Amino acid sequence: MVQIAPSILAADFLHLEKDVETVNAYADIFHLDIMDGTFVPNISFGFPVVEAIARKAEKPLDVHLMIVHPEKYVERFAQAGAAMISFHYEAAREQTAAILEQIRSLGVKAGLVINPDCPVQEIFPYLGQVDFVLLMSVFAGFGGQKFIPESLERIRAVRAQLDLLGHPEVPIEVDGGIGPANAAAVVAAGASILVAGSSVFKAPSPAEAIARMRG
Ligand code: DX5
Ligand code: ZN
């Protein structure tokens, strides 16, 4: 089953309630991008916004941390209502296993993220410890970028390794530049959670855009 996770980064922050209702009605997961201006050269939003969305959300909150020292903040995002929390391997390195364990101990699904320039093999040692893998199909930091076509090969490689290790149930989430035009290719490569910001919230009909991505 394909799940669509609209990225709130592309929502209308002056009318956030309307966009939260769109996700509740037509999508599966709230994708929330947390940027610190240090790990990525952009700053998005923090706890008050996540807590406000949590009060209205009827679908799980998926918090994508693009921050240094993710271990300092996972507990607060869990308290704020996150059902899934992912952090970047590039920000964690030798602390990766400990942070995955920390997230799981909070009763939250733990995800590991890599940017397009990180060899997928670097996260293979952790695939037995993740609840999902998040592959960036653009460089983390900004919405509205173009999908990098080489991402398809990376999805296939991680899918093959998860299956080889006996984890066919672990989903691959893909984030960046996804819309109705490339959703089918991303799913065919082995992904099952599609993050989509601009292609949902900037569309004339977000409901139709989501329906088309489901195939
Ligand atoms: C990029 C974020 C994405 C972004 C996706 O750093 O992680 O979630 O919001 O936006 P689109 O779908 O517009 O590429
Ligand atoms: Zn994201």
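Predicted model: local features only at pLDDT ≥ 70, side-chain atom pairs only at ≥ 80, totals over all residues.
Started at the ligand: a backbone N or O atom of Gly197 sits 2.7 Å from an oxygen atom of ligand 1. I count a polar contact as a pair of N or O atoms within 3.5 Å; within protein, one must be able to donate a hydrogen and the other to accept it, and residues adjacent in sequence count only if both atoms are side-chain atoms. Then I looked up exposure: ligand 1 taken alone exposes 380 Å², and the protein buries 99% of that. Those areas are Shrake-Rupley with a 1.4 Å probe; for residues, only the protein chains shown count as cover.

Residues are numbered from 1 along each chain as its sequence is written, chains are lettered from A and ligands numbered from 1 in the order written, and side-chain values use heavy atoms, with hydrogens and water left out.

**More contacts.** I found a polar side-chain atom of Ser7 at 2.8 Å from an oxygen atom of ligand 1. Gly144 puts a polar backbone atom 2.9 Å from a ligand oxygen.

**The shell.** Which residues are closest to ligand 1? Asp33, Gly141, Asp175, Gly197 and Ser198, out of 20 that surround ligand 1 (near means a heavy atom within 4 Å). I sorted the shell into 8 nonpolar, 10 polar and 2 charged residues. In that scheme Ala, Val, Leu, Ile, Met, Phe, Trp, Tyr, Cys and Pro are nonpolar, Asp, Glu, Lys and Arg charged, and the others, Gly among them, polar. Strand 2 gives the largest share, 3 residues. Strands here are DSSP runs of E, at least two residues, and helices runs of H or I, at least four, numbered from the N terminus.

**The largest pocket.** Ligand 1 sits in it, meaning that more than half of its atoms lie within 2 Å of the grid points. A pocket is an open set of points on a 1 Å grid over the protein atoms alone, where a 1.4 Å probe fits, with protein on both sides within 12 Å along at least five of seven lines; lining residues have an atom within 4 Å of a point. I got about 300 Å³ of space and 26 lining residues, with Phe142, Gly143, Gly144, Asp175 and Gly176 nearest the centre. The lining splits into 12 nonpolar, 11 polar and 3 charged.

**The second largest pocket.** About 150 Å³ here.

How values were computed. Points joined across faces, edges and corners; volume = space filled by probe spheres on them.
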